[in-house]
Amino acid sequence: MNKVFPQGENDYAAAGPKAHPGGEDTAGCGPLCCSRRGACLSASLLFLLATLAALIALVTILGLPSRTPGAQACITLTNRTGFLCHDQRSCIPASGVCDGVRTCTHGKDEDESLCRDVPQSLPRFLVAHCGDPASWIYSDQKCDGTNNCGDCSDELSPVTVCPPCGPGWWHCPSTFFKYCDCIPRRLCRDHIQHCSDWSDEYACPGP
C-alpha cells in the first residue's frame, strides 16, 4: 500500500534537503563553499593585520602620548627644555619640576600627578637617561657642561651627542669630577690644574 503524504510534504521528501524551506543547500556545498569561507577568513585576517600595522606606523610617527595628560614642553630663555605652566606663558626649567618648590603660579609643577612616582610619573620630555639605565637626569641637565650622570654620559658620546664647548668654556679632559670635556674659562689661569694636560694654565686665554 502506498503511503499518502499530506499536501506538499511529498514534494519536500522528493526534493530532498536542498528544497526544504529555510534550509541551506548543504548537499551541494562542497569544496567551493569551504574555499569561499576560507577566503572570507583570510580577508578578515589581512584587514586586522593592516589596521594594526597602520596604528604602529602612526605611533612611530607621532610618538607615544605623554604619561601626564596636559603637560606641555617649552623652550626656556637659556634655550633649554622647559615645562609650560598653567598660564600658558611661564616656561620653567625642566629641573624645576617636582623639586619641592612651587615655581608655577598655580603650583602645576608640583602637582601630585607629576610627582607621585618620579621619574615614571614625569612626562618623557622632562627625562634624560644616563649610561646606567637605572640613572636619570632632567632633560635640561644634558649637555650643560656638568657631569650630572656621574659617568659623563650626559655630556659625551655615544650616549649623548653635545655641541662643542661654548664661548664661556675651554675644551680639555678635566681632572675635576664635576666636569667632563669642557671647563669654565673662569677657571683658567688660576694656578690650579683643572685639565689633565695643564692647558687651562698655559693655553687657555682665560675668561
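Author: A definition to start with: a residue is called exposed when its relative accessible area is over 50%, and buried when that value is under 20%. Keep in mind that this is a predicted model.

Reader: Fine. Is L45 buried or exposed, then?
Author: L45 has a relative accessible area of 52%, so L45 is exposed. The residue is found in helix 2, which covers residues 31-62.

Reader: Which residues form a nonpolar patch with L45?
Author: L46 and L49 do. Together the three leucines have about 320 Å² of accessible area in that surface patch.

Reader: Switching to strands. How many bridges join strand 1 to strand 2?
Author: There are 3 bridges, and the two strands run antiparallel. Strand 1 spans residues 73-75 and strand 2 spans residues 81-84.

Reader: Now rings. How many aromatic pairs are there?
Author: The count is 3 aromatic pairs. One of them is W169 with Y179: the ring centres are 6.1 Å apart and the planes are at 75 degrees, so the pair is edge-to-face.

Reader: Where are those two in the chain?
Author: W169 is in strand 6 (residues 169-171), while Y179 is in the loop between strand 6 and strand 7 (182-184). They are 10 residues apart.

Reader: What about their accessibility, buried or exposed?
Author: Y179 is buried, because its relative accessible area is 7%. W169 is at 23%, so W169 counts as partly exposed.

Reader: Why is the pair of W198 and Y202 called tilted?
Author: The planes of W198 and Y202 are at 50 degrees, with the ring centres 6.5 Å apart, so the pair is tilted. An edge-to-face pair needs planes over 60 degrees apart, and a stacked pair needs them under 30.

Reader: How accessible is W198? And Y202?
Author: W198 is partly exposed, with a relative accessible area of 38%. Y202 is at 64%, so Y202 counts as exposed.

Notes:
Residues numbered from 1 in each chain as written. Predicted model: local features only at pLDDT ≥ 70, side-chain atom pairs only at ≥ 80, totals over all residues. Heavy atoms only, no water. Pairing = 2+ DSSP bridges. Helix = DSSP H or I, 4+ residues; strand = E, 2+ residues; numbered from the N terminus. Phe/Tyr/Trp six-rings, centres within 6.5 Å; stacked < 30°, edge-to-face > 60°. Buried < 20%, exposed > 50% of the residue type's maximum accessible area, 1.4 Å probe, protein only. Patch = residues over 30% accessible without salt bridge, like charges linked within 9 Å, V, L, I, M, F, W, Y side chains within 5 Å. Areas by Shrake-Rupley, 256 points an atom, 1.4 Å probe, with all protein chains shown as cover. Salt bridge = Lys/Arg side-chain N within 4 Å of Asp/Glu carboxyl O.
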